[in-house]
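Hi,

Here is the model I promised to pass on.

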Amino acid sequence: MGLKGFVEGGIASIVAGCSTHPLDLIKVRMQLQGENAHVHTAPAQLGAQIPTSGPPRRMGPLAVGMRIIQQDGAAALFSGVSATVLRQTLYSTTRMGLYDIMKTKWTDPETGTMRLWKKIGAGLIAGGIGAAVGNPADVAMVRMQADGRLPALQRRNYKSVVDAISQMAKNEGVGSLWRGSSLTVNRAMLVTASQLASYDQFKEMILEKGVMEDGLGTHVTASFAAGFVASVVTNPVDVIKTRVMNMKVEPGKAPPYAGATDCALQTIRTEGVMALYKGFIPTISRQGPFTIVLFVTLEQVRRLLKDF
């Protein structure tokens, strides 16, 4: 397959990423709920919020979405979409292409199938490499999506993904572009292994048992099942990744989190273990449609490009 697999995966990933971007934005906002509730921040006259006694009321995905629209307009649901396009172009194109290459090489020529452990292995390798390539766009996307939840004076107000990356490199150093990269890589390995391997496995099972023929119904069923598996596996890592990438490091002050482990411990200590599954409903609500659009589009693109 070679380059063709990268092109097919890239097109499908960009379509899926853009179409489900509002759900991803809502997920990020929900994952950040309650993060600073236990920290006394800037004075009220500077526009910052001073936490009140007791845990803050947690909002559901619909309430979060409506609040975004009321405060910043419907267009705010697509905040950071330029970063999504760049992220899918770098991260997903790489992981989809590499997975396709390994799938072609590791598939049994006699049976035309690949063992599940090989699919998982291919997903882990492809996801890790893709995440390392796309981490700068991932950091920019998280920050652009989270910006609207901050008081006006504390917002970063990035104009585009290029502006976000250039400002981070200028103000925080080039290393900031790979902030949370260990989390990104770990999450991407889990996502790719659970998502792509699950899709191929569910699709093979459906076809082998004769439940459905190889068509839209099979693709939708297998992709939704894969999306659910990926959501359950990756949500805790995603919560920590979002918080580490979004943290604001001020000169001369210690960062809010010393690293991924410290972030996880602080989150569990102050908000409980289930805080690691914050945003799970929007995660599955986004992961399901994303995975369906991804694989349905991928199958159609493959048919269009089969003669090339």
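The structure holds 17 salt bridges, counting a side-chain nitrogen of Lys or Arg within 4 Å of a carboxyl oxygen of Asp or Glu. Bear in mind that this is a predicted model, where local features need pLDDT of at least 70, side-chain atom pairs count only at pLDDT 80 or more, and totals for chains, interfaces and linings use all residues. Residues are numbered from 1 along each chain as its sequence is written, and side-chain values use heavy atoms, with hydrogens and water left out.

Helices here are DSSP runs (H or I, at least four residues), numbered from the N terminus. D24 is buried at 5% relative accessible area, and R286 is buried too, at 8%; buried means under 20%, exposed over 50%, and partly exposed in between (1.4 Å probe, protein chains only).

Then there is K241 with D138, whose closest N and O atoms are 3.5 Å apart. That pair links helix α8 (residues 216–246) to helix α5, 103 residues apart. K241 is buried at 3%, as is D138 at 2%.

Both pairs' residues turn up in one network of salt bridges: D24, K27, R87, D138, R187, D238, K241 and R286.

D72 also bridges to R155, at 3.9 Å between the closest N and O atoms. Here D72 is partly exposed at 33%, and R155 is partly exposed at 27%.

Cheers

Terms used. Helix = DSSP H or I, 4+ residues; strand = E, 2+ residues; numbered from the N terminus.
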